[in-house]
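Open the model in your viewer and keep the sequence panel beside it.

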Amino acid sequence: MPKLSRPPGRGPGRPHSPGQRPRRRGVTKAGTLLTCAVLAGVVVAGAAFPAVAMSGLAAKAGADSFQDLPTELTVPQVPEATQVYAADGRTLMATFFDQNRQDVPLAEISQPMRDAMIGAEDHAFLRHNGVDLKGFVRALISNFTGNSRQGASTLTMQLVRMSIVYGATDPNDVVAASEDTNARKLREMRLAAALENRLGKDEILERYLNIAPFGHGTYGVAAASRFYFGKEPKALTVPEAAMIAGLVKSPSYYDALDTEGPGYDRTVERRNWVIGQMREIGAITEQEKEAALATPLKVRGKGPTNGCTSSAHNDWGFFCDYFRRWWLEQPAFGDSAYDRERRLMSGGYRIVTTLDPAVQKAAYRNVQQYLPTGKRDALMVAAVEPGSGRVRALATNRTFGLDDPAKPKNPISSNPRQAAAGMRATYPRTTNPLLTGGGDITGYQAGSTFKGFTMVAALEQGYPLSHSYDAPQRYPSKYSAAAGTESACPGTERWCPSNDNTSMAGRHDMWSAFGRSVNTYFVPLEERVGAAEVVDAAKRLGIRFREPGEAAIADDPAQADTWGSFTLGVSATTPLDLANAYATLAADGRHCEPIPVQEIRDQAGRPLDIAEPRCDQAVDPEVARAAVDAARCPVGDQSAYGRCRGATESDVHRVVGHPVAGKTGTTDSDRTASLVAMTTTLSVAGIMANPDWPETTANMDHDIVNPAVYETLADAMKGKPKKDFPKPGETLVYGDQRSVPSVSCRSVDEATAVLRDAGFTVEVDSHQVASNCPAGSVAGTDPSDRTVSGGVVMLRISNGQPSAGGAGDGQDPPDGAAGAGAGPADRPGRRR
């Protein structure tokens, strides 16, 4: 407890200066006591009558004008820990703090704790008006007679002092708040008296108990109670409360954790003294006193987790880190990342996140079952709620934490470039945002899942699900092949993608082409709607282009229109973005930003609207419904029109047991494998890749990633009602399709005029093909039979050289034949 020091002047035993006559000590003490008595009278009068002019008396006492001293005290918003909970609002995920403090109302603090603080620091708290005159005089007499050093600061005065310190913006103010001068004491008394006129005793005691330091970085009784005894402050007993109250005098001197030194014995002695004081003020009986004194002191000394690396559940660490990164991007919490972090660490927010403990548990269990932690490759699963963007789970086979530089457990990276630099891998421990992107994590190719964006762009332009044409085993596209690849059609620089196997060739509509993932259906479809439109659809649905080169192309329609292999999923993405993009389709085209919070309350308990979903209508509901209808085919479900023929992962529907849609994805050489599956209420995406070396040809396995995804979805949907996807209208199912006139062997100009008169858009393929028609004339059209009204019809030009083999030489290209277009198209595309 702070004490008043001896007044200015020489203390006992200090020699006088040469030439000075020694003064009689008794006279000096008497004069000082007289001065202090006057000062005491000033304070008492000021407390009772703050408006009375007492300048003269204060001046005679050697202090500043009492009337001129401030009476207004701004009790600051003290730093307080932010607590982050799971979606149930009960399970604590993590705590963020600079100072371990959590305010609680007085009603949640036990009566023994209140009594112990009054007994230890201010017996007259309930009787005085901020200044204890009797205590003040008693301390003066005791201090100046040399019997002992006593303090006279009331709880209210101590609250004033701590408030000044916390509210200080100038270091000099902190020093002034603690300096041992009469001016400082007068100011405290004046402010304490004014504070008592504004606040009731309960409110003053509550603020004091929530602001006082109790050692080991704990501030306020809530933090102290949890740290020392592992319980809430409302459950504190008499001996426990007495120990905590005793710490305020000197938290470092009384250290119950110092079992090897004197701190523990000092703490017990101080606790016992406080128990005696509680008896003295009548707060406890003699029997309660004796029982408390006989109780051994046992403390835990365990503080709360601070930050994501010490999250309550380690597998929640990646979600916790996603939340923290999201917070640091929100302008509502400050102008800079530094300001936002300070708000998180000291703002005292109560945050309920979107993490569903049951879904997270299922995701982590399935990840560990199919690819346990400690493996080089990462199995990453994300779950998003359609219609809100709320992220329900993020799980991967990694331990969230930093590798120990002194004793590293992570092996050297499998990436040759990183290995040459001595860099270590991201397993088994990492804090990299593998599932959500950020920093060095730009994402992974997701293969044919991107065909869904081509389908959306086509539906938006009126191409119906029934739009059909012959998909060859190998398709000579209008896009240029990536330099240095084997993806070109033989003898040309044209990109010539192929299918995974020859059985996929043939006539397809969107249902069958999407269900069987036919490359040579979706590349010409992308040509007709424009690659730039496909890229734009992906952006609107939620794909974020994190790599600088990709971002530049995606933002430039002219460049994006050359990105032919985009439909095959050569762009980098994350499990979170992929899950959210398909969640947009499941929500009738309503796109919502992925969000990790569903409620944020500030220190005063007020809800903040920043936790509300941020949504927009990305695509027309009918377009979304039609896309979902086709997306039921790859996962073994049936479209509302019964048009599914073939699936790449039929176990999804069988295991989930609900109406389900989705898509598999694989890149050439199996460098990644992915699956996204969704119901009307949850979208789950998984990607298997090597985060340290995404370009590796390491043969990722659908037998690992697929069941991890669909079993997570199945676990999440257990016990929930089955809800079907809305049936799309017939306009986008059958559409307005017209026959394409035959223009073979006509001139380009003549053929163009005929097709335009029939209501089609005409493009001319500059590359010539083998044909019986005269060189330079039209060899044929693509499509050759029917297409949507206003759709693109490509004119193929004859080279005048008949060939029974048709376009190309009939040989399948090797893996990697999907790369085409500029920039990111240098990457091989997805095959299945």
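In which loop is Pro428 found? Select the stretch between helix H16 (416–420) and strand E9 (429–430): Pro428 is in that loop. Helices (H or I, at least four residues) and strands (E, at least two) are DSSP runs, numbered from the N terminus. The peptide bond leading from Tyr427 into Pro428 is cis, with omega near 5°.

Before going on, note that this is a predicted model, in which local features need pLDDT of at least 70 and side-chain atom pairs count only at pLDDT 80 or more, while totals for chains, interfaces and linings use all residues. Residues are numbered from 1 along each chain as its sequence is written, and side-chain values use heavy atoms, with hydrogens and water left out.

**Backbone exceptions**

Go to Asp782 and Pro783, which are joined by a cis peptide bond with omega about 0°. Pro783 is in the loop between strand E22 (778–782) and strand E23 (786–788). Most peptide bonds are trans, and most residues other than glycine have a negative phi.

Next select Ser517, in the loop between helix H18 (510–516) and helix H19 (519–529). Ser517 is not a glycine, yet its phi is positive, about 60°. Ser517 has 0% relative accessibility and therefore counts as buried. Buried means under 20% relative accessible area, exposed over 50%, and partly exposed in between (1.4 Å probe, protein chains only).

Cys745, in the loop between strand E20 (737–739) and helix H28 (748–757), is another non-glycine with a positive phi, about 70°. Its relative accessibility is 42%, so Cys745 is partly exposed.

**Helix H28**

Stay in this region and colour H28 by burial. Its buried residues are Ala751, Thr752 and Leu755. They lie on the same side of H28 because they cover an arc of only 100° around the axis, the arc being that of the directions from the helix axis to the C-beta atoms. Asp749 and Asp757 are exposed on the other side. Show strand E21 (761–769), E22 and strand E24 (792–798): these are among what covers the buried residues of H28. Just after H28, Gly759 has a positive phi of about 95°.

**The nonpolar cores**

Select Trp327 and Ile600. Within the largest nonpolar core, which has 104 residues, these two touch the most other members. A nonpolar core is a set of buried Ala, Val, Leu, Ile, Met, Phe, Trp, Tyr and Cys residues joined through side-chain atoms within 4.5 Å. Leaving aside neighbours within four places in sequence, the contacts of Trp327 (heavy atoms within 4.5 Å) include Phe333, Arg340, Tyr349 and Ile600.

**A four-stranded sheet**

Now show the open sheet with the order E2-E1-E5-E15 and mixed pairing. Strand E2 (92–96) and strand E15 (597–601) are at the edges, each with a single partner strand, so one side of each has no neighbour in the sheet. Strand E1 (residues 82–85) pairs with E2 in the antiparallel sense over 4 bridges; strands pair if DSSP finds at least two bridges between them. Val84 has Ala94 in E2 as its bridge partner.

**Confidence**

Finally, colour by pLDDT, the predictor's confidence in each residue, from 0 to 100. The protein averages 86, and 83% of the residues score at least 70. Residues 43–69 have a pLDDT below 50, as do residues 805–832. Where pLDDT is low, the predicted coordinates should not be read in detail.
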